[in-house]
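Here is a short tour of charged pairs and helix packing for your next look at the model. Have the structure open and follow along.

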Amino acid sequence: MNKIEQTCKMIWDLSLNDFKARYAGSYLGVLWGFVNPLMTLCVYWFVFEVGFRSGSRPDGTAFIVWLACGMVIWFYLSESVTNSTNSLIEYSYLVKKISFNILVLPVVKVVSSLYNHIFFLIVLLVILITHDYNPHITNLQFLYYLICGIYLSISVGLVTSSLVVFIRDIAQIVGIVIQIGFWLIPIVWSPEIVKEEYRILFKINPVYYLVEGYRDTFIDHVWFWDRTVQTPYFWLVTTLILIIGIVMFKRLRPHFADVL
């Protein structure tokens, strides 16, 4: 087994252990990882469709379908970024081991968050089926947008996990940004309510690309290469964040053990 295979196996094993340990000691165990986001989805559906009577979208798409497509990827991004931010602090005992490659720790948290995401993809599939959804070839590109989500989460996680070791307030700031970001991105509200000239302000956020991408995949049937501006923009910005994260991580790494 070569070094790459060993690293991948280690990430896989650590992510499984992390997912199980997160809910150890509770009666429902890992089910809590599914129950909390599922209840959140139900609450938002009830408030906006039943309370505010949002009803169907102009194109005839049921609101719950439109909402679920956006929230499924948002749940993954928010969980993976939050968990990866605290990865070095949580695994401080591994950080102090000279021989251990601590660069994998934020990645482990991102992979661990995938297990909940898989469950919610199944929930989304059930919602689609119950609303007479017809499968389409574009459904396959959810794998592409999932890879994009993993790439973005790792990139941001490297930056935040490096900083939080020295500035513990970063974890709180990340939580606030995630809360604000939920409402600034068209997850529960439609981008059509914003004037065209102002939409660019929302599109510069890479997360917007992923939320709309999941809706392109399951509702609008638009291929990612048809997003001729947003697709290269996403990869350019996210790669830039990744480079910053790697450089920052490597430069700060010699000081992690001393601080922790």
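A residue counts as buried when its relative accessible area is under 20%. Keep that cut-off in mind for this predicted model, where Asp18 and Lys109 are both buried.

**Salt bridges**

The structure contains five salt bridges, and three of them are set out here.

| Pair | N to O distance |
|---|---|
| Asp18 and Lys109 | 2.5 Å |
| Arg215 and Glu212 | 3.2 Å |
| Arg227 and Asp216 | 2.8 Å |

Asp18 sits in helix H1 and Lys109 in helix H6, so their bridge ties together parts that are 91 residues apart in sequence. Glu90 joins Asp18 and Lys109 in a network of salt bridges.

Arg227 belongs to the loop between H11 and helix H12, whereas Asp216 lies in helix H11, eleven residues apart. Asp216 is buried at a relative accessible area of 2%, but Arg227, at 23%, counts as partly exposed.

**Around Arg215**

Arg215 and Glu212 share helix H11, three residues or about one turn apart. Arg215 has 2% relative accessibility and therefore counts as buried; Glu212, at 11%, is buried too. A polar side-chain atom of Arg215 also lies 2.6 Å from the backbone oxygen of Pro186. Residues touching Arg215 include Trp66, Leu67 and Ile187.

**Helices H3 and H9**

How do H3 and H9 run relative to each other? Their axes come within 10 Å and cross at roughly 170°, so the two helices are roughly antiparallel. Met71 and Trp74 of H3 are among the contact residues, as are Ile170 and Phe182 of H9. This contact of H3 with H9 comprises eight nonpolar residues, four polar and no charged.

Technical notes: Residues numbered from 1 in each chain as written. Predicted model: local features only at pLDDT ≥ 70, side-chain atom pairs only at ≥ 80, totals over all residues. Heavy atoms only, no water. Buried < 20%, exposed > 50% of the residue type's maximum accessible area, 1.4 Å probe, protein only. Polar contact = N/O pair within 3.5 Å; in protein donor to acceptor, adjacent residues only side chain to side chain. Contact = heavy atoms within 4.5 Å. Axes fitted to C-alpha atoms, helices over the stretch in contact; angles between N-to-C directions. Helix = DSSP H or I, 4+ residues; strand = E, 2+ residues; numbered from the N terminus. Parallel < 35°, antiparallel > 145°, perpendicular 65-115°, else oblique. Nonpolar A, V, L, I, M, F, W, Y, C, P; charged D, E, K, R; others polar. Salt bridge = Lys/Arg side-chain N within 4 Å of Asp/Glu carboxyl O. Lists of a residue's contacts leave out its neighbours within four places in sequence.
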